[in-house]
Amino acid sequence: MLIDELYKSVSSKKQVDLVLLDYSKAFDKVSHEKLLLKLSQFGIRGTTLTWIRSFLNNRTQCVVVNGSQSSNISVTSGVPQGSVLGPLLFLAYINDLPTHVQSRVRLFADDTAIYLAITQAQQSHTLQTDLSTLEHWEKQWDMEFNPSKCQVIHITRFKKHIDTTYYLHKH
C-alpha cells in the first residue's frame, strides 16, 4: 500500500519524491481497438472478448443546447462512465504502465502515483527519466497527462531536502 511504503521510507530517513499524475479526459481517451488488443493479450478471448466488444461498440452521442440537438456521431473511444465495468476496463488499459518505469507506481481508477525514494540527487534523474518514458507511453496508447494538474510532493523529515524540479511535457 502506498501509505505504508511512504511511511517506511520516511522512517528510514529517506526522502520520497511522489508525482501524482492526472490524465486529461481519462475515461474518454481509451481506444476501443487498443483496449481489446490489451484484453486479448491478458488472455481474455472468445465469448468474453466478444461481449466486451459489443459493450463498447455501436455507441453514439449528441449534444443538446437550448433544446436543439446535433446529429448522432459514433463513439470510437472511451469506456462508459457510471458503469461498474468502466473503471475496470480503464485499469486494464493502463495496467502495463508500471512495466515501463523503474520507479514505483500505484494505480487506482484514473489516479496514478509514481514515486521513488531519494537518498542522493542523482536518483531524482531516474524519476525524471521515468516521467519522460511515460510521455512516450501516453502517445503510444492515445492517452494524455495534464501537466498543469499533476502534483509533485517531496516527503521527508529533513529540514533541508533534495530539491528537484520534475517536468512532464516541459512543464
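## Briefing: the chain and its helix 3

The chain holds six helices and eight strands, where helices (H or I, at least four residues) and strands (E, at least two) are DSSP runs numbered from the N terminus. This is a predicted model, in which local features need pLDDT of at least 70, side-chain atom pairs count only at pLDDT 80 or more, and totals for chains, interfaces and linings use all residues. Residues are numbered from 1 along each chain as its sequence is written, and side-chain values use heavy atoms, with hydrogens and water left out.

**The chain as a whole**
- Along the sequence, the order of elements is α-β-α-α-α-β-β-β-β-α-β-β-α-β.
- Along the principal axes, the C-alpha atoms fill a box of roughly 60 × 45 × 25 Å.
- Of the 171 residues, 37% count as buried (under 20% relative accessible area, with exposed meaning over 50% and partly exposed in between; 1.4 Å probe, protein chains only).
- Taking contacts (heavy atoms within 4.5 Å) between residues at least 6 apart in sequence, 67% join residues at least 24 apart.

**A look at helix 3**
- Helix 3 spans residues 32-41, and its buried residues are His32, Leu35, Leu36, Lys38 and Leu39.
- These buried residues fall within an arc of 160° seen down the helix axis, so they line one face of helix 3; the arc is that of the directions from the helix axis to the C-beta atoms.
- The buried residues of helix 3 pack against helix 4 (46-56), helix 5 (85-94) and helix 6 (123-140).
- Glu33 and Gln41, on the other side of helix 3, are exposed.
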